[in-house]
Amino acid sequence: MATLSSQFHITNHKSYWNVKRRTSSSICCSMQPSQSNIKVIINGAAKEIGRAAVVAVTKARGMEVAGAVDSYLVGEDIGNVCDMEEPLEIPIVNDLTMVLGSISQKLNALCFQSKAIAVVVDFTDPSTVYDNVKQATAFGMKSVVYVPRIKLDTVAALSAFCEKATMGCLIAPTLSIGSILLQQAAISASFHYKNVEIVESRQDAGGFPSSDAIQIANNLSNLGQIYNKEDISTDVLARGQVVGEDGVRVHSMVLPGLPSSTSVYFSGPGEVYSLKHDITDVQCLMPGLIIAIRKVVRLKNLVHGLEKVL
């Protein structure tokens, strides 16, 4: 995606701070914490999920959007981009470091009693996540990362980095509460059935198996059981892809018009037990995102998986 240029002035205090049109005279040193303690920077703000996150954070209690980063629609007010009733007076900027520096100055200028903290929400790309988290940490900010298909090597490297820096970071393979509940139910069922297969559907062929299917398969494989012993070594392509070493097969369908769906089928003598989760809109990820933002402010290391802080 081509990078667009724009003029950005750090002296424009309202651009990153005044979501509710407050003036500087209303900021004072008080023994009571501010009503909006968590300042949220959305990296990938122009994406569909980024726009949904802007609206969700604006509506959530105790937090507000403080910055919007993207290489698309640079200079546009993020409130207008999200079709909100009023502009947020926060322009989309294509320089993460500049945004973090501006907000860091604001945080340092406030009296310590306000206890304001900043969280960077990353919706970018697996290749940029490591550097993005390092930049956020350098400015004393914690990170929530929802970038599918992050390599485990990257997670391990970030875990070591956050441990050394004593800085919280939450990497969420999924933000969907329903998806997490499906995974937990699948783990419970796996102790009672020896045959299991995963079937997923998506509207486009962007990377299969999906991160949800891979995580379910890995969760089941980590239990040390062997599934589908009758044909675990078959090479028939129609039988799907084996994920992991324990025989869990994944079948992927691409059909326009279908919702994003993940089903897990278990079978035993005389019965079939099935679990299914459908995603019809990106809004399903927003409750999990708000929980992740609230939880990460208390973390001092990296946590991989939203389910670990629920």
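A pocket here is an open set of grid points where a 1.4 Å probe fits, with protein on both sides within 12 Å along at least five of seven lines. I kept that definition at hand while going through this predicted model.

**Entry 1: the largest pocket**

I looked up the volume first. The largest pocket has about 1000 Å³. I then asked which residues lie closest to its centre.

Next I sorted the lining by class. I found 14 nonpolar, 12 polar and seven charged residues.

I also checked which elements supply the lining. Helices H2 (48-59), H7 (177-190) and H8 (211-221) each give at least two residues, and so do strands S10 (260-268) and S11 (271-279). H8 gives the most, with three residues.

Then I turned to the domains. Domain 1 (38-171 + 284-304) and domain 2 (177-279) each contribute at least three residues to the lining of the largest pocket.

**Entry 2: the second largest pocket**

I noted about 490 Å³ of space in the second largest pocket. Its lining has 18 residues. Nearest the centre I found Ile150, Leu152, Ile214, Asn218 and His304.

Which helix gives the largest share of this lining? I found H8 again, here with five residues.

By class, I recorded eight nonpolar, seven polar and three charged residues for the second largest pocket. Domain 1 and domain 2 each supply at least three residues of this lining.

**Entry 3: recap**

I have H8 down as the top contributor to the lining of the largest pocket and to that of the second largest pocket. Both domains take part in lining the largest pocket and the second largest pocket.

Note on methods
Residues numbered from 1 in each chain as written. Predicted model: local features only at pLDDT ≥ 70, side-chain atom pairs only at ≥ 80, totals over all residues. Heavy atoms only, no water. 1 Å grid on protein atoms, 1.4 Å probe; cavity = no way out; pocket = protein on both sides within 12 Å on 5 of 7 lines; lining within 4 Å. Points joined across faces, edges and corners; volume = space filled by probe spheres on them. Helix = DSSP H or I, 4+ residues; strand = E, 2+ residues; numbered from the N terminus. Nonpolar A, V, L, I, M, F, W, Y, C, P; charged D, E, K, R; others polar. Domains from an automatic or database assignment.
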